[in-house]
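Dear colleague,

Please find the structure below, handed over for your reference.

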Amino acid sequence: MTLDLHGSSAVVTGASSGIGAVVAARLAARGADLVLVARRTDRLEELAARLRAEHGVEADVVPADLRTSDGVTAVVKAARAATKPVGTLVNNAGFGTHGALLEEDPERIEDEVALNVAALTDLTRALLPDLVAHGSGAVVNVASTAAFQPVPRMAVYGATKAYVLSFTEALSVELRGTGVHAITLCPGATRTEFFDVVGTEDAAVGRFQTPEQVADTLFRALDRRRPPATVVSGRANALAGAVVGALPRRVVLAAASRLTAG
Ligand SMILES: NC(=O)c1ccc[n+]([C@@H]2O[C@H](COP(=O)([O-])OP(=O)(O)OC[C@H]3O[C@@H](n4cnc5c(N)ncnc54)[C@H](OP(=O)(O)O)[C@@H]3O)[C@@H](O)[C@H]2O)c1
């Protein structure tokens with residue numbers, strides 16, 4: 001089955017680069033109108049123009065800093081103003097910080113929690129009634145393979161992604177029978193601007209995927225009649241996630257410490 005999104009809108013946060021930009025293009029190819037969110041408006045305008053031309057969809061650009069409640073409010077307003085009802089919400093905007101907590105900039109980690117956790121939660125809560133009223137669709141929350149174990153030297157980032165995983169899996173149960181699915185997308189290391197923002201590739205584990213491969217994983221899940229609550233992109237990443245889940249926590253922590261020693 002191929003998911004047909006004609007007649008609905010999709011909200012994608014972090015659509016100005018990387019995974020978000022590719023996922024937005026795939027949603028447009030399935031017929032969804034787009035509400036594209038990020039801070040870099042020029043990038044969003046460029047993407048919107050391309051998607052309108054290539055797929056004949058409507059694409060609205062919403063400049064918003066999702067670390068702030070004003071940013072979240074602007075997105076909710078724009079989503080409700082879209083011509084077609086919201087059928088897909090992709091909470092993808094996020095960033096990571098690296099270093100021992102003792103040395104991390106307190107403002108930066110506050111921003112990390114505000115974006116990766118608070119904005120994702122608030123947007124989901126605010127737009128969920130619209131999705132449920134529409135009666136079909138998905139909330140896609142982008143976590144990471146960092147969600148499966150503690151990540152020394154990226155303690156805050158790992159914890160934010162563990163939150164996304166726990167939150168979204170719980171939501172997937174609550175939404176049963178509504179026609180709306182909650183899906184946690186867990187990419188491993190992916191070639192985007194992510195590590196430019198982190199400032200180092202020291203924390204990258206395993207082979208890099210492309211954002212297109214991550215989008216392939218997501219759409220394979222979305223095309224299933226009953227999408228799984230969690231999808232991991234890349235076979236090796238999925239296997240590692242399964243192994244971590246089966247091991248005692250102290251073994252996992254010792255392995256995580258070695259892998260992230262830099
Ligand atoms: N790349 C990886 O290795 C990897 C692995 C696992 C999970 N992930 C997750 O995948 C998601 C997408 O990341 P990516 O790899 O595609 O990285 P990316 O290329 O750096 O994209 C991040 C996106 O988030 C947006 N963003 C950042 N801060 C924002 C803010 N305050 N308000 C609104 N938007 C903001 C950025 O847009 P602006 O800067 O224009 O605002 C950009 O569009 C993130 O949640 C990340 O944690 C990435």
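**Findings**

The protein chain exposes about 12400 Å², of which carbon and sulfur atoms supply 53%; accessible areas come from the Shrake-Rupley method with a 1.4 Å probe, and for residues only the protein chains shown count as cover. Please note that this is a predicted model, in which local features need pLDDT of at least 70 and side-chain atom pairs count only at pLDDT 80 or more, while totals for chains, interfaces and linings use all residues. Residues are numbered from 1 along each chain as its sequence is written, and side-chain values use heavy atoms, with hydrogens and water left out.

The secondary structure of the protein chain consists of nine helices and seven strands (DSSP runs numbered from the N terminus: helices are H or I with at least four residues, strands are E with at least two). The radius of gyration is 18 Å, close to the 18 Å given by the globule rule for 262 residues, so the protein chain is as compact as a globular protein of that length. The radius is taken over C-alpha atoms, and the rule is 2.2 Å times the number of residues to the power 0.38. Along its principal axes, the C-alpha trace spans about 50 × 35 × 30 Å.

Of the 262 residues in the protein chain, 52% are buried (under 20% relative accessible area; exposed is over 50%, and partly exposed lies in between, with a 1.4 Å probe and protein chains only). Among contacts (heavy atoms within 4.5 Å) with a separation of 6 or more, 71% are between residues 24 or more positions apart.

Serine 16 lies in the loop between strand 1 (9–13) and helix 1 (18–29) and, at 10% relative accessibility, counts as buried. Its side chain forms a polar contact of 3.5 Å with that of arginine 40 (a pair of N or O atoms within 3.5 Å; within protein, one must be able to donate a hydrogen and the other to accept it, and residues adjacent in sequence count only if both atoms are side-chain atoms). Leaving aside neighbours within four places in sequence, serine 16 is in contact with Ala38, Arg40, Arg43 and Leu44.

Aspartate 223 is placed in the loop between helix 7 (211–222) and strand 7 (230–232). Aspartate 223 counts as buried at 17% relative accessibility, and its side chain makes a polar contact with the side chain of arginine 30 (2.8 Å).

Arginine 153, in the loop between strand 5 (137–142) and helix 5 (155–174), is partly exposed at 30% relative accessibility. Although not a glycine, arginine 153 has a positive phi of about 75°. Most residues other than glycine have a negative phi.

With kind regards
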